[in-house]
Amino acid sequence: MRLRFTPVMAVLGFLFLYGPIASLVIYSFNESKLVTVWGGWSLKWYGELFANQQIMDAAWLSLRIAAISASVAVVLGTMMAMVLVRFRRVRGKSLMTGMVTAPLVMPDVIIGLSLLLLFVAMQGLIGWPGGRGFSTILIAHITFGMAFVAVVVQSRLSDMDDAVEEAALDLGASPARVFFDITLPMITPALIAGWLLAFTLSLDDLVIASFVSGPGASTLPMVIFSKVRLGVSPDINALASLIVLVVSIGIITAALLMRKKP
Amino acid sequence: MSGGGKWGRRFVIAVPNIWLILFFMLPFLVVLKISLSEPRIAIPPYAPLWDWVDGALRFNINFENYAYMWEDSLYINAYLSSLKIAAISTLLALFIGYPMAYYIARSPEPRRSILLLLVVLPFWTSFLLRVYAWIGILKTKGVLNAVLLRAGIIDQPLIILQTDVAVYIGIVYTYLPFLILPLYANLVKLDDTLLEASHDLGASRISSFFRITLPLSMPGIIAGSMLVFIPVIGEFVIPALLGGPDTLMIGSVLWDEYFKNRDWPVASAVAMVMLVVMIIPIMILRSAQNKGAEI
């Protein structure tokens, strides 16, 4: 039997993508703290995870920042996408496109450092933002979140026929009415996808938050990073498994819902 | 849009743009300004770039921070090493990602959608935790060594964690989806009749691949490669968790300048030079996008 190259590579590629995730999940149930020793199945590390007040506080802070920043990012990102795709005779569109796509590839260390230095300079000039923490992380996450939302919504708007919107405008509907009655329902899937993307990226950001945060505000990735820098920590395996579970359920449900639609 | 929508239109244009100018563009000017300032032991730790002396504006522009980066070989080596690590991991990711993208693009529905979903799914779980997963696998008493030792393939555990090899594995692993998606979008549009014609004319599969599929997928290859190459240059988390003391990357150097040395002017100069280094790859990416590679 002759093995074909691409299917073999594809199988190996998927093993490579899923092996590490599988090992995290399996070892989260290991009674023993050592990776090489299997101490039997146990839920001990899940218990330790929920008993760890530092992790729970950080998770709550991160979830709040992620939910608020994703929601603001959806509003700002959608406005930007509308301007770029639907508005005519707007000057400086190529500059705007540059501002929207640059945060997508800009290294986190640069975004983090530059925003931090801005906050410090503003503090000196106008006395705002008055200490770093929740609000400065929120501003940073809204900024990169809106870029991702704008790109997702932009591609949805470009694929969409604007004949219905044009017809409504010709019949005398106000632009605002056209947007809320016609455009918005049609781009809702993109808005949901954009919100989830901004939410996930915010929940996952270590570098930018480390720069713009101040004493007392530690997000979940900051706590995880300081723990795992010293080595493997089984309660973090438990946390990772829970995230994998929630994400998988979410993505698979979304895929099934999308499929039912014509 | 016309008439009563005029103010609404202005509002919709102004709000997101003011936000991005304020929190994305302006910060770069601040970084530029501080990179030209003299370091000081004060709060904030740099001298003002201009001040008023006897009623006249006086500028204190100083290129010392850039000169310092040029003289200390650490910085140049870190840039070169980052570019090398980014280039090698992009090639490795291409080697793994291209066959995967090709296979998915050629698969019939519904298998194609399922495989695509499987590529995207890891991206939605935490990046930090997926990098962390490799610590448990690669460390001396980790999963990989346990398996290889038991299978009798090696007698001594391999030392991978805290070396550049671990960094390459981590980068390829986390950035693979960014490469596969634009490549898939390109390959799925490939016209089958071209391959059939080439087959009818007697070309072998391999020859058809190198003379038809590969050249046609170039925009996808370039876009995908740049989406890996550009962010990897400034990567911090992967070298911090998987790399060792010898792993040199500019993202880590910037982090240490800020968090350990508290030298804001040098950190800013490092960031400015990093931006300049990234201009060429970003321009390549934009031209590939304009040629119709979808992202």
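# Briefing: helix packing and chain contact in a two-chain model

The crossing of H3(B) and H7(B) is right-handed. This comes from a predicted model. Chain A has 11 helices and zero strands, while chain B has 13 helices and two strands. The contact between the chains draws on 63 residues from chain A and 69 residues from chain B.

**H3 and H7 of chain B**

- Two packed helices are described by the angle between their axes and the distance between the axes.
- For H3(B) and H7(B), which covers residues 164–187, the angle is about 45 degrees and the axes are 7 Å apart.
- The contact of H3(B) with H7(B) has 23 nonpolar residues, two polar residues and no charged residues.

**H3 and H4 of chain A**

- H3(A) and H4(A) pack at about 145 degrees, and their axes lie 10 Å apart.
- The crossing of H3(A) and H4(A) is left-handed.
- From H3(A), the residues in this contact are A:Met80, A:Val83 and A:Leu84.
- They meet A:Lys93, A:Met96, A:Thr97 and A:Val100 in H4(A).
- By class, the contact of H3(A) with H4(A) comes to five nonpolar, one polar and one charged residues.

**The contact between chains**

- Chain A gives 63 residues to the contact, and chain B gives 69 residues.
- On the side of chain A that touches chain B, at least two residues each come from H1 (5–28), H3 (53–85), H4 (93–105), H5, H6 (134–159), H8 (175–204), H10 (220–228) and H11 (234–260) of chain A.
- H1(A) gives the most to that side, with 14 residues.
- The side of chain A that touches chain B has 50 nonpolar, 10 polar and three charged residues.
- One residue to look at is A:Ile243, which lies in H11 of chain A.
- Beyond its neighbours within four places in sequence, A:Ile243 is in contact with B:Thr125, B:Ser126 and B:Leu129.
- A:Ile243 counts as partly exposed because it has 19 C-beta neighbours inside 10 Å, and a buried residue needs 20 or more.
- A:Ile243 and A:Ala67 are 176 residues apart in sequence, with 16 Å between their C-alpha atoms.

**Helix H12 of chain B**

- Where does H12(B) sit, enclosed or open? Eight of the 10 residues of H12(B), residues 250–259, are buried, so the helix is largely enclosed by the rest of the structure.
- The buried residues are B:Ile250, B:Gly251, B:Ser252, B:Val253, B:Leu254, B:Trp255, B:Glu257 and B:Tyr258.
- The cover over these residues includes H5 (108–126) of chain A.
- From chain B, the cover includes H3 (73–106), H10 (218–233), H11 (237–242) and H13 (264–290).

**Backbone exceptions in chain B**

- Most residues other than glycine have a negative phi, and most peptide bonds are trans.
- The peptide bond from B:Glu109 to B:Pro110 is cis, with omega near 0 degrees.
- B:Pro110 is in the loop between H3 and H4 (111–124) of chain B.
- B:Gln162 is a residue other than glycine with a positive phi, near 65 degrees.
- B:Gln162 is in the loop between H6 (143–150) and H7 of chain B.
- B:Gln162 counts as partly exposed because it has 19 C-beta neighbours inside 10 Å.
- Phi of B:Arg262 is also positive, near 55 degrees.
- B:Arg262 is in the loop between H12 and H13 of chain B.
- With 12 C-beta neighbours inside 10 Å, B:Arg262 counts as exposed.

**Chain-level figures**

- Along its principal axes, the C-alpha trace of chain B spans about 85 × 75 × 35 Å.
- The radius of gyration of chain B is 25 Å, whereas a compact globule of 295 residues would have one near 19 Å.
- Of the 295 residues of chain B, 45% count as buried.
- In chain B, 71% of the contacts between residues at least 6 apart in sequence join residues at least 24 apart.
- The C-alpha atoms of chain A fill a box of roughly 70 × 70 × 35 Å along the principal axes.
- Of the 262 residues of chain A, 40% count as buried.
- In chain A, 76% of the contacts between residues at least 6 apart in sequence join residues at least 24 apart.

Terms used. Residues are numbered from 1 along each chain as its sequence is written. Chains are lettered from A and ligands numbered from 1 in the order in which they are written. This is a predicted model: local features need pLDDT of at least 70, side-chain atom pairs count only at pLDDT 80 or more; totals for chains, interfaces and linings use all residues. Helices (H or I, at least four residues) and strands (E, at least two) are DSSP runs, numbered from the N terminus. Two residues are in contact if their C-beta atoms, placed from the backbone, lie within 7 Å. Ala, Val, Leu, Ile, Met, Phe, Trp, Tyr, Cys and Pro count as nonpolar, Asp, Glu, Lys and Arg as charged, and the others, Gly among them, as polar. The radius of gyration is taken over C-alpha atoms; the globule rule is 2.2 Å times the number of residues to the power 0.38. Axes are lines fitted to C-alpha atoms, for helices over the stretch in contact, and angles run from 0 to 180 degrees between N-to-C directions. A crossing is left-handed if the near helix is turned anticlockwise from the far one by less than a right angle, and right-handed if clockwise.
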